[in-house]
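Open the structure in your viewer and keep a selection tool at hand. This tour says what to select at each stop and what is there.

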Amino acid sequence: MSQQARQGNRRGKRTRRVVIVLVVLAGLLVGADFALAAYAEHAVSQKAREQLELSNDPAVTINGFPFATQAISGEYQHITVSAQGIPVGPLRDVAIRADLRDVTAPLSDLTAGKVNAIEIGDLEGQVTLKESDISRVEPLTNIEDLRIEPSSEDYVRNGDGSGDENEPEPDESTERTDDSTAGVRLSGYSRIAGERIELFAFAMIELDGSTIRITPHRLQFGNDKETTVVPREVQEALLPNFEADINTGGLPFTVTPTAVQVESGSITIKGEAENVTFAGASANRTQG
């Protein structure tokens with residue numbers, strides 16, 4: 001083998017060693033970054049548990065990579081805090097979520113567990129109630145197999161006006177989102193004259209502080225009946241079974257509820273706040 005060939009082999013080996021070292025270093029740095037992020041998330045989680053008065057640590061995610069660059073600057077674009085299975089009165093499975101954006105938190109405070117001084121530029125909180133949990137609230141307990149679907153306010157109050165009482169598909173272009181009222185269709189089964197009959201109740205939901213107020217306007221029979229029209233006297237007797245006030249326990253970090261949204265199987269209330277601190281936020285929740 002010529003001297004030139006031997007030199008080429010040595011250069012190739014050195015190059016491979018350098019590449020291997022760089023790969024190993026990159027892996028160590030990434031691992032250290034994730035470890036530091038996990039430590040900071042744990043510190044925030046423990047404090048959030050106190051502030052939200054939870055029995056367990058909530059899930060905390062500091063979004064964005066790498067974490068180290070955010071930690072050094074003390075500026076974080078987006079932190080999420082979430083928890084499920086929270087008891088509130090008769091409810092047993094309330095879910096909460098808080099999205100913290102434009103967060104300022106010195107690394108020294110995070111590593112020391114001192115998160116009271118964390119400044120939050122923009123905060124969005126929400127509470128979600130599942131239909132299986134809502135069915136625990138009186139007098140909705142009188143309805144078997146309670147189900148929840150969104151509906152338009154116009155359909156709740158008037159139907160479609162054509163005599164065909166089959167509800168049209170919601171038109172997303174005209175439906176209001178993030179408003180303090182929303183239309184909802186509650187369905188389930190009730191005993192009428194000894195017969196188990198499916199009913200659809202069309203109601204409006206309105207926010208009253210942290211309370212969701214459900215006010216039913218009209219009923220329809222299920223589609224297995226010859227007619228969907230419910231006689232007025234039957235409606236007057238059954239509508240109160242779909243009328244309820246539900247205490248959600250309040251939004252995370254004392255965010256004021258401003259919007260209610262109905263999705264298939266759940267109801268969510270939302271609110272926003274600006275320029276708040278971790279220390280200045282208290283849960284103000286009523287748990288069972």
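Start with Lys270, which counts as buried at 19% relative accessibility (buried means under 20% relative accessible area, exposed over 50%, and partly exposed in between, with a 1.4 Å probe and protein chains only). Lys270 lies in strand S11, residues 266–277. Strands (E, at least two residues) and helices (H or I, at least four) are DSSP runs, numbered from the N terminus. Show the side chain of Gln261 as well: a polar contact of 2.9 Å joins it to the side chain of Lys270. A polar contact is a pair of N or O atoms within 3.5 Å; within protein, one must be able to donate a hydrogen and the other to accept it, and residues adjacent in sequence count only if both atoms are side-chain atoms.

Stay in strand S11 and select Asn275. Asn275 is not a glycine, yet it has a positive phi of about 55°. At 65% relative accessibility, Asn275 counts as exposed.

**What kind of model this is**

This is a predicted model, in which local features need pLDDT of at least 70 and side-chain atom pairs count only at pLDDT 80 or more, while totals for chains, interfaces and linings use all residues. Residues are numbered from 1 along each chain as its sequence is written, and side-chain values use heavy atoms, with hydrogens and water left out.

Colour the model by pLDDT, the predictor's confidence in each residue, from 0 to 100. The protein averages a pLDDT of 79, and 74% of the residues score at least 70. Which elements have the lowest and the highest mean pLDDT? Helix H1 (residues 3–52) has the lowest, 62, and strand S5 (residues 144–151) the highest, 95. Now select residues 172–176, where the pLDDT is below 50; beyond near neighbours in sequence, this stretch has five contacts in the model (contact means heavy atoms within 4.5 Å). Residues 282–288 also have a pLDDT below 50, and that stretch has 36 contacts beyond near neighbours in sequence.

Next, select strand S2 (residues 75–88) and strand S3 (residues 91–104), which pair in the antiparallel sense over ten bridges. Two strands pair if DSSP finds at least two bridges between them.

On to strand S4 (residues 119–130), which pairs with S3 in the antiparallel sense over nine bridges. Here Ala95 stands opposite Thr128 in S4.

Within S3, select Asp102. Asp102 has a positive phi of about 55° although it is not a glycine, and it is exposed, with a relative accessible area of 52%.

**A cis peptide bond**

Move to the loop between helix H4 (131–134) and S5, where Pro139 is found. The peptide bond joining Glu138 and Pro139 is cis, with omega about -5°.

**The five-strand sheet**

Select strands S5 to S9: they form an open sheet in the order S5-S6-S7-S8-S9, with antiparallel pairing. Which are the edge strands? S5 and S9 are, and each pairs on one side only. From one strand to the next, the twist averages 30° (axes are lines fitted to C-alpha atoms, for helices over the stretch in contact, and angles run from 0 to 180 degrees between N-to-C directions).

Inside this sheet, twelve bridges join strand S6 (residues 181–192) to strand S7 (residues 195–208). Ile192 has Glu195 in S7 as its bridge partner.

**Salt bridges**

The structure holds nine salt bridges; a salt bridge is a side-chain nitrogen of Lys or Arg within 4 Å of a carboxyl oxygen of Asp or Glu.

- Select Asp245 and Arg213: their closest N and O atoms are 3.0 Å apart. This pair links distant parts of the chain, with Asp245 in strand S9 (residues 244–247) and Arg213 in strand S8 (residues 211–221), 32 residues apart.
- Select Asp99 and Arg97, which form a salt bridge with closest N and O atoms 2.9 Å apart. Asp99 counts as buried at 6% relative accessibility, whereas Arg97 is partly exposed at 33%.
- Select Asp145, Arg147 and Glu198, which are linked in a network of salt bridges. Between Asp145 and Arg147, the closest N and O atoms are 2.9 Å apart.
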